Amino acid sequence: NTDALIKNADIAMYKAKSLGKNQYVFCTTEMKYEVQKNMMLTHSLYRAQERNELLLFYQPQVDLKTKQIIGAEALLRWRHPKLGMILPDSFIPLAEKNGLINCIGDWVLKTACSQNKKWQDMGLQRLRMAVNLSVDQLKCPGLVDNVERTLRETGLDPECLELEITESVAIKESEEIINTLNNLKKLGLSISIDDFGTKYSSLSRLTSMPIDRIKIDMRFVQGIESSEKDRAITKIIINL
């Protein structure tokens with residue numbers, strides 16, 4: 001019927017737009033399934049926090065010389081009641097699109113900082129906890145105040161918090177984002193760039209941003225035993 005044809009045309013149009021200019025796309029069964037799944041995930045995501053379906057895993061960072069755990073990275077997962085464990089690549093874009101990312105990001109930050117402080121209170125060594133920030137969070141006017149408040153409420157030393165941005169965020173840098181990063185640095189925490197080496201970032205951008213660490217994209221690290229090119233690139237980044 002006409003309604004179905006219009007709906008299929010809309011699906012194809014939005015898919016074509018997502019691929020860039022001067023594109024055309026035919027609506028397929030797979031596209032319709034993807035739209036239906038995203039709608040279902042979006043609807044469920046609105047209730048995920050209050051249902052305690054979001055959780056964090058903590059990936060250790062190890063010093064290869066001393067073999068000691070020196071830090072951890074908070075990894076967000078969604079334990080969906082029907083679909084099981086969902087990775088952030090599947091739901092974070094939906095959260096950004098529907099205005100939920102700041103709320104979820106606040107929960108991740110507070111949960112990770114609280115856990116780090118609990119470990120310290122148990123007598124474990126001080127670790128640096130890394131938490132990811134999205135572009136939308138960086139553009140939020142209240143981000144710096146929220147981070148400062150979270151550190152104060154959890155009692156975590158700012159030196160034990162690292163905020164992580166992706167290289168794509170660094171490439172799209174604006175004066176607004178650089179000011180935000182500088183204000184975050186003034187709190188005493190550290191800032192890192194994740195997935196470094198995957199985009200076309202210039203060295204001049206690194207000098208203009210208050211970055212403490214760069215994290216090499218895992219595709220290079222995974223290939224260092226078998227690829228001479230990956231070894232060369234990794235060594236250059238380490239020297240940098």
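Q: Over which residues does pLDDT stay under 50?
A: This is a predicted model, and its pLDDT stays under 50 over residues 2–17. For that stretch the model has 15 contacts beyond four places in sequence.

Q: Which elements have the lowest and the highest mean pLDDT?
A: Helix 1, residues 2–18, has the lowest mean, 47. The highest, 97, belongs to helix 6, residues 143–154.

Q: And what does the protein chain average?
A: The average pLDDT is 82, and 77% of the residues score at least 70.

Q: How many helices and strands are there in the protein chain?
A: There are 11 helices and 7 strands. The chain has 240 residues, and 37% of them are buried.

Q: Let's take the strands. In which sense do strand 1 and strand 2 pair?
A: Antiparallel, over 9 bridges, with strand 1 at residues 54–62 and strand 2 at residues 69–80.

Q: Which element gives the largest share of the lining of the largest pocket?
A: Strand 2 again, with 6 residues. The pocket holds about 2000 Å³ of space. It is lined by 50 residues, of which Glu 73, Asn 132, Glu 164, Asp 194 and Asp 195 are the closest to its centre.

Q: Switching to helix 4, how far does it reach?
A: Helix 4 covers residues 101–121 and reaches 30 Å from first C-alpha to last, close to the 30 Å expected at 1.5 Å a residue. Just after helix 4, Gly 123 takes a positive phi of about 95°.

Q: Which of its residues are buried?
A: Among them are Ile 101, Ile 104, Val 108, Leu 109 and Trp 119. The buried residues of helix 4 also include Asn 116, Lys 117 and Gln 120.

Q: One more residue: why does Ser 192 count as buried?
A: Because its relative accessibility is 0%, and buried means under 20%. Ser 192 sits in strand 6, residues 190–196.

Q: What is Ser 192 in contact with, leaving aside its neighbours within four places in sequence?
A: Glu 162, Leu 163, Glu 164, Ile 165, Ile 211, Arg 213 and Lys 215. Leu 163 is 29 residues from Ser 192 in sequence, but their C-alpha atoms are 6.4 Å apart in space.

Terms used: Residues are numbered from 1 along each chain as its sequence is written. This is a predicted model: local features need pLDDT of at least 70, side-chain atom pairs count only at pLDDT 80 or more; totals for chains, interfaces and linings use all residues. Side-chain values use heavy atoms; hydrogens and water are left out. Two strands pair if DSSP finds at least two bridges between them. Helices (H or I, at least four residues) and strands (E, at least two) are DSSP runs, numbered from the N terminus. The expected span of a helix is 1.5 Å times one less than its number of residues. Buried means under 20% relative accessible area, exposed over 50%, partly exposed in between (1.4 Å probe, protein chains only). pLDDT is the predictor's confidence in each residue, from 0 to 100. Contact means heavy atoms within 4.5 Å. On a 1 Å grid over the protein atoms alone, a cavity is a set of points where a 1.4 Å probe fits but cannot get out, and a pocket is an open set with protein on both sides within 12 Å along at least five of seven lines; lining residues have an atom within 4 Å of a point. Grid points are joined across faces, edges and corners, and a volume is the space filled by probe spheres set on the points.
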